[in-house]
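Thanks for asking for a second pair of eyes.

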Amino acid sequence: MVARLVTWAFDGAEARRVDVQVQITDAGANPYFSIVGLADKAVAESRERVRSAFAAIGLSVPAKRVLVNLAPADLPKEGSHYDAPIAVALLTAMGVLPSDALDGLAVLGELGLDGDWQPIVGALPAAMASHGEDLTLVCPAASASEAAWSGGRVIGVSSLMGFINHVRGARPLELAQPGALLEAPPVADLKDVRGQEQAKRALEITAAGGHNLLFVGPPGAGKSMLAQRLPGLLPPLSARELLEVSMVHSVAGMLERGSLTRTRPFRAPHHSASMAALTGGGIRAKPGEVSLAHHGVLFLDELPEFSAQALDALRQPLETGEVVVARANRHVTYPARFQLIAAMNPCRCGAAAGRTCGKAPRCMVSYQSRISGPFLDRIDLQIDIPAVTAADLALPASTEGTQEAAARVALARAAQAERYQNDGLVIATNAIASGAVLDRVAAPDGPGRDLLGKAADALRLSARAYHRTLKVARTIADLDGADGVKRIHIAEALAYRRVEPNPAQAISTPSFQRP
C-alpha cells in the first residue's frame with residue numbers, strides 16, 4: 001500500500017503542490033529508509049528527525065524497505081518543513097492512522113527530536129494554496145495564526161502525538177484564528193525638518209504618485225530625515241497589498257506570532273550590501289531587500305558607495321516590478337514593486353556650503369560617475385538640497401506637517417485609483433502607467449506639449465525620461481485637483497530632472513544643474 005499526503009514546496013512567494021508518497025515493503029536482511037524526489041540536504045536529514053520523533057512517542061520505523069517519494073520528482077525540494085508530512089504519511093502506511101485520515105489535508109512542519117512541531121517559514125503562502133484547493137492545512141501551532149490570515153481552514157498542531165490524538169478523535173483540535181493586526185507605529189513628522197521646502201514638495205509628489213526620488217546635498221542637509229518621513233505620507237496597505245507583502249515576509253520568516261500590519265515596509269540596507277542581498281539569492285534563493293520593500297520604500301543612503309553591480313541589478317525591478325533570481329536548474333520570481341528613495345553627497349569629501357572641496361571639481365565628477373546613466377534615468381525626481389544654516393534652524397517649526405501632506409496625498413491617490421479602475425486597469429499610481437494609458441491620461445495641453453518638446457531637446461531627455469516627466473506632471477496635476485496636465489505642471493516636473501552633464505564642461509560644473 002502507498003500512503004499519500006499533500007504538502008507544499010515554495011517557488012518564490014508562491015507555493016507549489018507536492019505529493020508525499022510512502023511505501024513500506026519487505027527488504028530482507030537489508031532494511032533502509034530512502035527519500036527520493038530531488039531532495040536537498042535538509043530534506044534528506046528528515047529520516048533521522050522522523051526516527052527520533054517516533055522513538056519519543058514509543059514507535060519505531062519498521063525494519064523494512066521504506067521509500068518516500070516527493071512528486072513531482074523534477075521540482076527541487078528544500079527545507080525542513082517536509083518532516084511532518086513524511087512522518088504522518090509513514091504513520092498511515094504503518095497502520096497507526098486510518099487510511100482515510102489524510103483525505104482533504106495538507107501538512108507541513110519541522111519535527112524536533114522529541115516529536116514537537118517547530119515553526120516554519122512560508123505558512124501563509126502554503127495556507128493560500130491549500131485554500132485554493134479546498135484543503136485543510138495542518139501546520140505547527142506557532143505558525144497557525146499566520147496561516148489563518150488566508151481565510152481557509154487551518155489547524156495548529158504542537159506535537160506528533162497531538163496530531164495522532166486529533167485524527168483518532170481523542171483530543172480534537174480547533175481551527176486556528178488569525179493573529180493580531182498591529183496598529184501603525186508613530187511616524188516621524190515633517191514639522192521636524194527646518195527649511196527645505198522644495199525637498200518637502202518633492203517628497204509629497206513622490207508619495208502621491210509612487211515615484212522614485214534622489215536627494216543630493218552636503219552632510220547634515222536633512223536627506224535621511226526627509227526619506228524617513230516618506231512612510232508617514234503613504235496610505236496604509238490595501239487588503240490585496242497586505243496579502244502580497246505578508247506572503248513575501250512569510251517566506252523570509254519575518255512574521256512574528258502571525259501578526260500583520262498595514263504599515264508599508266521601509267527597508268534601508270547598508271551600502272555594503274551585496275547584489276544578492278538587494279535582489280535576492282543565496283542557496284535557497286531567498287527574497288532580497290527589493291522584495292522585502294514590495295509596496296513600500298527602499299531607501300539607499302550614500303548611493304555611490306553601493307557597488308556598481310548591485311545598483312545596476314536594480315534596473316530591471318525598477319521597470320518591471322519584479323525580480324528574477326536565476327539558478328542553474330530553475331528561475332525564482334519575487335514581486336518587487338517598491339519606491340526607491342536615494343541620498344548622496346555631491347562629492348566624496350561632502351563639502352557643505354561655505355566650504356570648498358580641496359579636489360573640486362574632479363572629486364565631484366569622479367564621485368557622481370559611480371552611478372550609471374541608465375540607473376539615474378529611472379529616478380523620476382532628482383533634487384539638490386542646500387546646506388541647512390543656523391538661520392534655518394532658528395526658524396519656528398512649520399505649522400504644516402505630515403498629517404496635512406498625507407491628506408493631500410490621499411486625495412491624489414484616490415483620484416488615480418478612480419481613474420484607472422474605471423478603465424478596468426490594475427494600476428494604483430501614476431508611476432506604473434505606461435503606453436497608451438499614459439498617452440491618454442497625461443497628455444499635456446498645447447503650451448505644455450511645446451515646453452516638453454523643447455526641454456526634451458535642450459536637456460537631451462531619453463524616451464524613458466520623457467515619459468517619466470509626463471508621469472510626474474500627471475501627479476502634480478492630481479495634487480492640484482486639475483483634470484488635465486497643463487504647462488505649469490510640465491514646468492515643475494522638468495525642474496526635477498537632471499541635465500545630462502556635458503563632458504566638455506565637466507571640469508567647470510559645480511553640481512547638478514536645473515532647468
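Predicted model: local features only at pLDDT ≥ 70, side-chain atom pairs only at ≥ 80, totals over all residues.

**Notes for a first look**

1. Ser-46 belongs to helix α2, which covers residues 46-56. Leaving out residues up to four places away in sequence, Ser-46 touches Ile-35, Tyr-82, Asp-83 and Ile-86.

2. Now step back to the whole chain. There are 22 helices and 20 strands in the chain, and its C-alpha trace spans about 85 × 45 × 45 Å along the principal axes. Of the 515 residues, 52% count as buried. If you take contacts between residues at least 6 apart in sequence, 72% of them join residues at least 24 apart.

3. Next, have a look at the largest pocket, whose volume is about 800 Å³. Its lining is made up of 39 residues, and those nearest the centre are His-295, Gly-321, Arg-337, Phe-338 and Ile-432. By class, the lining holds 16 nonpolar, twelve polar and eleven charged residues.

4. Which element gives the most to the lining of the largest pocket? That is α10, with five residues. The elements that each supply at least two residues of this lining are α10 (239-251), α14 (315-320), β18 (331-335), α19 (435-441) and α21 (463-480).

5. Helix pairs are worth a moment too. The axes of α7 (residues 197-209) and α18 (residues 402-422) come within 8 Å and cross at roughly 35 degrees, and this crossing is right-handed. On the α7 side, Glu-204, Ala-207, Ala-208 and Gly-209 take part, meeting Ala-405, Arg-408, Val-409, Ala-412, Arg-413 and Gln-416 of α18. The contact of α7 with α18 has five nonpolar, two polar and three charged residues.

6. Is Ala-493 buried or exposed? With a relative accessible area of 1%, Ala-493 is buried. Setting aside neighbours within four places in sequence, its contacts are Thr-469, Val-472, Ala-473 and Ile-476. Ala-493 and Ile-205 are 288 residues apart in sequence, yet 9.7 Å separates their C-alpha atoms in space.

7. Helix α4 (residues 123-132) is mostly covered, with seven of its ten residues buried. Those buried residues are Ala-123, Leu-124, Pro-125, Ala-126, Ala-127, Ala-129 and Ser-130. After α4 comes Asp-134, in the loop that leads on to β8 (136-140). Asp-134 counts as exposed because its relative accessibility is 54%.

8. Finally, please check a few backbone details. Asp-134 has a positive phi, near 60 degrees, and is a residue other than glycine. Arg-257 is not a glycine either, and its phi is positive at about 55 degrees. Arg-257 is placed in the loop between α10 and β12 (260-261), and its relative accessibility of 70% makes it exposed.

9. One peptide bond also deserves a look: the bond from Ala-71 to Pro-72 is cis, with omega near 5 degrees. You will find Pro-72 in the loop between β4 (65-71) and α3 (83-94).

Technical notes. Residues numbered from 1 in each chain as written. Heavy atoms only, no water. 1 Å grid on protein atoms, 1.4 Å probe; cavity = no way out; pocket = protein on both sides within 12 Å on 5 of 7 lines; lining within 4 Å. Points joined across faces, edges and corners; volume = space filled by probe spheres on them. Helix = DSSP H or I, 4+ residues; strand = E, 2+ residues; numbered from the N terminus. Nonpolar A, V, L, I, M, F, W, Y, C, P; charged D, E, K, R; others polar. Buried < 20%, exposed > 50% of the residue type's maximum accessible area, 1.4 Å probe, protein only. Axes fitted to C-alpha atoms, helices over the stretch in contact; angles between N-to-C directions. Left-handed = near helix turned anticlockwise from the far one by under 90°. Contact = heavy atoms within 4.5 Å.
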